[in-house]
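Here are a few exercises to work through with the model open beside you. Try each task before reading its solution.

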Amino acid sequence: MSGEATRAGGNPLALLPPALIVGGVLADVLGPQPYTGLPLLAAAPLAACIVLSLRSAVVVAVLSVVAAVAVDLALGRPATALVVDVADVLVISLIGVWLRRLMDSRNRSLTLTRDIAEAAQLAVLPQPPRRVGPLLVATRYQGAHEGARIGGDFFAAQETPYGVRLMMGDVRGHGLPAVSAMSVVVGAFRENARQAPSLRELARRLDVAAERAEGEDTDLGEEFTTALFAEIPPGGDRVHLLSRGHLPPYLVADGRVVPLIRGTPGTPLGAGLGTDDAEPDSFPLPPGASLLLTTDGVTEARDRHGVFYDPVSGLAGRSFDEPQELVDAVVGEVTAWSGGKLSDDMAVLAVTLPSRPRSAG
């Protein structure tokens, strides 16, 4: 009961049911006769079923019945009036309790569904370890709608013989077909990241897997997937990037945020446009720098004036020692910029190359 009392105390609407009971009694005793307080007494348990727990709603229903009986007896009303008043309050109370039980049952089903979705997301899109090879790693996935825990945005990080390979992507679709397409691409990345000799070959294999899945599963429709691939070779002083229709990443270092743009992005995966000739780009990755990969849930977040969020200006002048700090900053900035109303799912992946310790002397 202490937990229920705490929740009720923090909800101003919890005062409504007792206020209705008190108002009903006062209206009956002080107001013009007859029966002016009955609607308020009957409304109290119904309101309680909406704003309080089931147990508390039952208590309010009993108090409403007791108040109706006490008022009728105190005012000397006939037995028929007492029976009618009690019947009215009881019927409304029973309807309210039934509705509350129905709501609780649906809430439990919804919670179970969300837990299953979260387990499915962890199975399809597991969180990378905090360290992959020489890199520190942090991620975040946040749905546009409250309670949404899985969608078409995805990320992956894996250590390979060619260095650490990263992937950030977004399925252009919605619902279960987008989740299915996402699982195909992520699964193909896990299978091929260690085997493909280049980022171009890795992207080609994932393209084939996406097209094959689309051909075999008619429910997938015409979804396609934008993806960004990154490779930090052993030694970790450069990053190779290959975009298949995805947003460029950002290099975050020394208070500066620089989008790594060069050339034209390739075609998305699973688009059925044939062989893609996009070549990887290469950029320096200095010690202490972070690489930030996002989906368009970040860059297409709008403020109340309709202006898009820009990580370059939003993160400028700030230093981040850990990738988790950077991820938290991005999510916090986007949430504040959009007023908490995201228009699209948001996935964020940040990796940091730790500064090399200085040699003594």
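**Exercise 1.** Which side chain meets that of Asp296 in a salt bridge?

*Solution.* A bit of bookkeeping comes before the steps. This is a predicted model, where local features need pLDDT of at least 70 and side-chain atom pairs count only at pLDDT 80 or more, while totals for chains, interfaces and linings use all residues. Residues are numbered from 1 along each chain as its sequence is written, and side-chain values use heavy atoms, with hydrogens and water left out.

Step 1: apply the criterion, a side-chain nitrogen of Lys or Arg within 4 Å of a carboxyl oxygen of Asp or Glu. The partner of Asp296 is Arg172, at 2.7 Å from N to O.

Step 2: Helices (H or I, at least four residues) and strands (E, at least two) are DSSP runs, numbered from the N terminus.

Step 3: check burial (buried is under 20% relative accessible area, exposed over 50%, partly exposed in between, with a 1.4 Å probe and protein chains only). Asp170 is buried at 3%, and Asp296 is buried at 4%. Arg172, at 34%, counts as partly exposed.

**Exercise 2.** Work out the strand order of the open sheet and find what packs on it.

*Solution.* Step 1: trace the pairing, where two strands pair if DSSP finds at least two bridges between them. Six strands come out in the order β1-β2-β11-β10-β7-β8, with antiparallel pairing.

Step 1: pick out the edges. β1 (131–132) and β8 (256–259) each pair on one side only.

Step 2: zoom in on one pair. Strands β10 (residues 290–294) and β11 (residues 346–352) are joined by five bridges, and Thr294 stands opposite Val348 in β11.

Step 3: Helix α10 (residues 323–338) touches β2 (135–142), β7 (250–253), β10 and β11; contact means heavy atoms within 4.5 Å. The direction of α10 makes about 25° with that of β2, using axes fitted to C-alpha atoms (for helices over the stretch in contact) and angles from 0 to 180 degrees between N-to-C directions.

**Exercise 3.** Which residue forms a salt bridge with Arg140?

*Solution.* Step 1: the partner is Asp328, with the closest N and O atoms 2.5 Å apart.

Step 1: check accessibility. Arg140 is partly exposed at 27%, and Asp328 is partly exposed at 36%.

Step 2: The structure holds ten salt bridges.

**Exercise 4.** Where in α3 does the kink lie?

*Solution.* Step 1: get the span. Helix α3 (residues 38–51) has 14 residues and reaches 21 Å from its first C-alpha to its last, close to the 20 Å expected at 1.5 Å a residue; the expected span is 1.5 Å times one less than the number of residues.

Step 1: find the bend, which is the angle between axes fitted to the seven residues ending at a position and the seven starting there. The kink of about 25° lies at Ala44, shortly before Pro45.

Step 2: check burial. Ala44 and Pro45 are among the buried residues of α3, including also Leu38 and Cys49.
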